[in-house]
Structures are given as C-alpha cells and as structure tokens.
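Subject: Structure for you to look at

Dear colleague,

I am passing on the structure below, together with some notes on what turned up in it. Please keep it open while you read.

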Amino acid sequence: MPGSVLRLSALLEAGAVPHAAWRHLAESGDAAAQRIADRTDRGAAVAEAIGGEAVAPVRRRWGRRAAAERDRAAAWRDIAAAWEIAATVGAPLAESLRGMSRALRDAQETLDDVRVAMAEPTHTARLMSVLPFVGVIIALALGFDMIGVLTTPGAGLACLVAGLAMIAGGRLWTSGLIRAARPTPGTPGLHAELTAIALGGGVSLDRARALVAGATGAGARASSAHSEASADAGSATHGGASADDEVERVLDLSRRAGIPAIDLLRATAEQQRSTARTDGRVRAARLGTRLLLPLGACTLPAFLCLGVVPMLLAVLQTTSLPDL
C-alpha cells in the first residue's frame, strides 16, 4: 500500500487529475485502485471511494487474517482522511500523499518488527498447547487403556473434563495475550500529519482542528460499523486524547516561538511513529514472559489430568494389590 500511494502521488505531481490517476494505477494491476476507480465511475467522491476500502475487506473477527484485514482497513481509512482534508483545503495532493506514504511505510515496518518479535513466543505457546494430547498418545502407545479410563464415570471422567476445560482456558488466555501485544490498527502520528496537511492549505487553526476532527471521527464511525469496535476502540485516530494533547503542545510552541507549525507537526508525527515502534517491540518482548502464565496455570495441569493421572489409574486397575 505505501508503494501504491507513492506511485499515485507521482501521477498527481505529473499533472494527472485524481480520477485519471486512480485509473492509471488500476490499469497497472492494482486491485484496490481498480475498485476505487470503479466507485468514482459510479459517482462517488474520491475520498468516499477510498473509504470504501476500509469497510469492504473486513470480514473476519479472529486470527491473524483478521488482524491483517484490520490493519489494511485502518490504513485505507487514514488515506481517505488525508485525501478529504487535502481536497477540502486545497493542499497539494501529491505532497500530502507522499507524506502519508512515508507514514504508512513506517507503520508497516513497525508491524513487521512486532510480528517477527512475536513469532517465536507465539509458535512456542501454540506448540505447548498440544502437550496434553501428546501425553494421551504416548500412554496409548505404551498399551494403557486411556480412552476407557477417561470415559469411565468417576475420577477418569473428572480428569477428562478438567483437562479439556484447562486446555480451552489456556488457549483463550494465550490468544488474549497475543491480541493485546499486537499494535493498534492505524497510522501512528496520524493526528499531527493530518493537521499539517490542513495547515498546508492555508486555513486557520480552528478550521484545521475541525477538519481533522471530522475526518478522523468519520473514520472511527466507519470502523465501529464494520468491526463492532471490538478490536482496539479508537484505532482510527490512533492515540485519541494523547495525540490531541501532543498536537496542541506543538501548536502552542509554534505560536510562542513564531515559527511555522507544519514542520514541527511532521517532526512530531515521525517521533510518534518511532515511539510506536519501540512500544511494539517492548510489548512483543514482554509477551514471551507473559505466555508462561497460561503454560504453568493451564497447560501443564491439563497434561497431568489427561496424561499422567489417567495412566496411573490404568496401572492401578490392572495391578492386583497384595492383601494386608
């Protein structure tokens, strides 16, 4: 996506009108650009056509594919907000899209860094979750009647129910920890980037605030409509009140120092993206330690309930104890 946005900015800078630029990009084989161009052919505004990409692709709720779809939808939502603001204030679209391309590239690199850091602990946790079943298979291979023991009312059936319950609980716990370690969908530093675009069109500060609030607010409503606001509420603005406060501090510094706010805002956006990358790496590093909790509290006890205890019960059932 960053590459597509960068090529689009080059087309616009070369003099292509927006609709023609999207059509040229579509003819180069870009499927998303094809859908956007088709929407504009049907009479939709360009920003609305771009925003359609933030809704249509999102179909899943869970898993890695669902997370990837949310990330992609959030990126298109951010592009739609930047386009809408730039078109409203008359800011140069090519320059605005070039800045968004850099922001999207940084956000993608952050996601890639976090996914690489999370890969080892995540796969280890999933591998350990099958440990209880491995214990059952080993006991069966040794000749113990594990199925009979586990399905017999009494201690065996209690072990089966307890083991399965702990496996399910451990999987849910692990999935929750992994979801919490993933970065929030959206572009870090978006609020500062959009404010810089708005001010680049020459509007007043109050007007810039209103435009940014309107564009990001519409994105948040679209996000809640297609994902029920389940994954990371407020992800469209990526930062909420803290991002607003940071932008306000930058604007106040600009007024007091008597220097243009645009460069300060873009520097702030870059700093926020760098901070997001560091935070993502820290969360991924902590994940390896936190995944030990469901391992010790759920997976290992489930192994005992499904593998060790039933095997001992089977031994007792087949062994004659001496009379005392």
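**The tryptophan cluster**

W22, W76 and W83 are linked into a cluster by ring pairs, where rings of Phe, Tyr and Trp (its six-membered ring) pair if their centres lie within 6.5 Å, with planes under 30 degrees apart counted as stacked, over 60 as edge-to-face and the rest as tilted. Before going further, please note that this is a predicted model, in which local features need pLDDT of at least 70 and side-chain atom pairs count only at pLDDT 80 or more, while totals for chains, interfaces and linings use all residues. Residues are numbered from 1 along each chain as its sequence is written, and side-chain values use heavy atoms, with hydrogens and water left out.

The search of the whole structure gives 2 aromatic pairs. In one of them, the ring centres of W22 and W76 are 6.5 Å apart and the planes stand at 45°, so this pair is tilted. It connects distant parts of the chain, since W22 belongs to helix α2 (residues 18-27) and W76 to helix α5, 54 residues apart; helices (H or I, at least four residues) and strands (E, at least two) are DSSP runs, numbered from the N terminus. The rings of W22 and W83 have their centres 6.0 Å apart, again with planes at 45°, so that pair is tilted. Because W22 lies in helix α2 and W83 in helix α5, the pair ties together parts that are 61 residues apart in sequence. W22 and W76 are buried, and W22 and W83 are both buried, where buried means under 20% relative accessible area, exposed over 50% and partly exposed in between (1.4 Å probe, protein chains only).

**The overall build and the core**

The protein chain has 14 helices and 0 strands, and buried residues make up 43% of its 324 residues. Contact means heavy atoms within 4.5 Å; among contacts in the protein chain between residues at least 6 apart in sequence, 73% join residues at least 24 apart.

Setting aside residues up to four places away in sequence, L265 touches A192, T195, A196, L199, V247, V250 and L251.

**Helix α3**

Which residues of helix α3 (residues 31-41) are buried? They are A32, A33, I36, A37, R39 and T40. These residues cover an arc of only 160° around the axis, which puts them on the same side of α3; the arc is that of the directions from the helix axis to the C-beta atoms. An α-helix has 3.6 residues a turn, so residues three or four places apart point the same way. At the start of α3, a side-chain oxygen of D30 comes to within 3.1 Å of the backbone nitrogen of A32, and α3 is followed by G43, whose phi is positive, near 105°.

T299, found in helix α14 (residues 292-318), counts as buried at 12% relative accessibility. Leaving aside neighbours within four places in sequence, T299 is in contact with M128, S129, L131, P132 and P294. S129 sits in the loop between α6 (93-128) and α7 (131-141) and is buried, with a relative accessible area of 11%. The side chain of S129 makes a polar contact with the side chain of R171 (3.3 Å); a polar contact is a pair of N or O atoms within 3.5 Å, and within protein one must be able to donate a hydrogen and the other to accept it, while residues adjacent in sequence count only if both atoms are side-chain atoms.

E193, in helix α10 (residues 190-200), is buried with a relative accessible area of 3%. Not counting residues up to four places away in sequence, E193 touches G99, M100, R266, A269 and R273.

**Cysteines**

The whole structure contains 0 disulfides, a disulfide being a pair of cysteine sulfur atoms within 2.5 Å. The sulfur of C159 is 5.3 Å from the closest cysteine sulfur, in C305, which is too far for a bond.
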